[in-house]
Amino acid sequence: MARLTASQRNIAITVASVIALIAAIAGALAVSGYNKAQAEAKESKPTVDAKPARPVPIEIVHMPESGGKAVNITIDDGPDPTWTPKVLEVLKQNDVKAVFCVIGPQAKAHPELIQQIVAAGHRLCDHSMTHDTGMDKKPEAYQSQEILDAQRMIEEASGGVKVQYWRAPGGAFTPFNRKLAAAHGMRPLGWNVDSKDFEKPGVSTIVSTVKKEVAGGPTLLFHDGGGKREQTVAALEKVLPWLKQQGYAFSFPKIY
Ligand SMILES: [Zn+2]
């Protein structure tokens with residue numbers, strides 16, 4: 001390299017500094033543009049997915065989180081514009097909190113019912129998109145869709161209140177769908193006592209089924225969807241005070 005005079009050297013240093021400065025500004029602009037693009041990408045996603053749910057255990061739960069002599073009331077297959085408000089009313093009259101296992105598209109169609117459920121202090125459970133009781137025999141991608149699409153619809157309907165349980169339709173649990181639900185913050189939820197209200201056997205039969213079987217386990221299954229549920233409403237009016245008389249407290253199924 002040719003020898004430079006002092007003034008030539010100063011000019012060279014100045015030119016180099018200006019080039020470095022321009023490069024730094026260009027870099028900063030590029031980073032800010034990238035951050036802006038990231039922020040916009042984030043904003044366009046549904047807000048309910050913004051925070052990853054805390055994973056929960058994958059085992060199917062039946063036990064009450066309160067411990068002691070307690071039952072968990074679970075209400076499946078809604079929400080239904082006719083029957084869910086009636087079930088909510090009976091629960092309110094008896095000061096009982098329950099878990100509502102709801103179907104994704106029905107939650108989407110009746111967000112006001114989902115909001116009434118959570119406002120009254122009840123909890124939400126994902127009961128799939130289509131209530132396919134054969135989903136355990138189908139591909140994992142299908143099972144994922146049944147679970148995660150429903151979760152998204154229910155949480156959008158609830159205004160962001162989290163779904164805390166996953167109950168496979170007809171008990172079609174698999175290790176895969178339990179693990180998936182748990183990774184998304186939903187504890188697999190079983191039942192011990194099927195009131196068989198679904199078969200509409202008459203109010204007194206529903207009541208006596210619960211009375212006979214409640215000693216066998218704490219999680220009780222009723223329905224507010226899938227058909228006319230007047231027998232369920234009438235049975236709950238009898239069963240809830242009876243359970244209280246027998247010394248049962250009302251709890252939620254354990255999540256952690
Ligand atoms: Zn069901």
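# Notebook: fold, strands and helix packing

I began with the contact pattern: of the contacts in the protein between residues at least 6 apart in sequence, 79% join residues at least 24 apart. I note that the model is a predicted one. I then counted the elements and found eight helices and eight strands in the protein. Of its 256 residues, 37% count as buried.

**Entry 1: strand β1**

I recorded one or more partners for each pairing. Ile-73 has Ala-98 in β2 as its bridge partner, and Gly-78 stands opposite Val-102 of β2. Ile-75 is bridged to Phe-222 in β7. Asn-72 is bridged to Ser-251 in β8.

I checked the peptide bond from Gly-78 to Pro-79 and found it cis, with omega near 0°. Pro-79 belongs to the loop between β1 and α2. For context, I note that most peptide bonds are trans.

**Entry 2: strand β2**

Is β2 enclosed or open to the outside? I found that five of the five residues of β2 (residues 98-102) are buried, so the strand is largely enclosed by the rest of the structure. I then separated its faces. I recall that in a regular strand the side chains alternate between the two faces of the sheet. In β2, Ala-98, Phe-100 and Val-102 lie on one side, Val-99 and Cys-101 lie on the other, and all are buried.

I also followed β2 to strand β3, residues 123-126, to which four parallel bridges join it. The partner of Phe-100 in β3 is Leu-124. I noted the crossover as well: β1, α2 and β2 form a right-handed β-α-β unit.

**Entry 3: α2 against α8**

I describe two packed helices by the angle between their axes and the distance between the axes. For α2 (residues 83-93) and α8 (residues 230-245), I read an angle of about 10° and axes 10 Å apart. The two helices are therefore roughly parallel to each other, since an angle under 35 degrees counts as such.

I listed the contact residues: Lys-86, Val-87 and Val-90 on the α2 side, and Thr-232, Val-233, Leu-236, Glu-237 and Leu-240 on the α8 side. By class, the residues of this contact are five nonpolar, one polar and two charged.

**Entry 4: α4 against α5**

I repeated the reading for α4 (residues 111-119) and α5 (residues 140-158), which pack at about 75° with their axes 8 Å apart. That angle makes α4 roughly perpendicular to α5, the range for this being 65 to 115 degrees.

Which residues make the contact? From α4 I noted Pro-111, Ile-114, Gln-115 and Val-118, and from α5 Ile-154, Ala-157 and Ser-158. The residues of the contact of α4 with α5 comprise five nonpolar, two polar and no charged.

**Entry 5: positive phi in loops**

I note that most residues other than glycine have a negative phi. I looked up Asp-95, whose phi is near 55°, a positive value in a residue other than glycine. Asp-95 sits in the loop between α2 and β2. Asp-95 is exposed because it has 10 other C-beta atoms within 10 Å, and 12 or fewer is the cut-off for that class.

I then turned to His-131, where phi is likewise positive and near 55° in a residue other than glycine. His-131 is placed in the loop between β3 and α5.

**Entry 6: Ala-215**

Lastly, I located Ala-215 in the loop between α7 (203-213) and β7 (219-223). Ala-215 has 10 C-beta neighbours inside 10 Å and therefore counts as exposed. I also read a separation of 9.1 Å between the C-alpha atoms of Ala-215 and Val-193, which are 22 residues apart along the chain.

Note on methods:
Residues are numbered from 1 along each chain as its sequence is written. This is a predicted model: local features need pLDDT of at least 70, side-chain atom pairs count only at pLDDT 80 or more; totals for chains, interfaces and linings use all residues. Axes are lines fitted to C-alpha atoms, for helices over the stretch in contact, and angles run from 0 to 180 degrees between N-to-C directions. Angles under 35 degrees count as roughly parallel, over 145 as roughly antiparallel, 65 to 115 as roughly perpendicular and the rest as oblique. Two residues are in contact if their C-beta atoms, placed from the backbone, lie within 7 Å. Ala, Val, Leu, Ile, Met, Phe, Trp, Tyr, Cys and Pro count as nonpolar, Asp, Glu, Lys and Arg as charged, and the others, Gly among them, as polar. A residue is buried if 20 or more other C-beta atoms lie within 10 Å of its own, exposed if 12 or fewer, and partly exposed in between; C-beta atoms are placed from the backbone. Two strands pair if DSSP finds at least two bridges between them. A crossover is right-handed if, with the strands pointing away from the viewer, the path from the first strand over the helix to the second runs clockwise.
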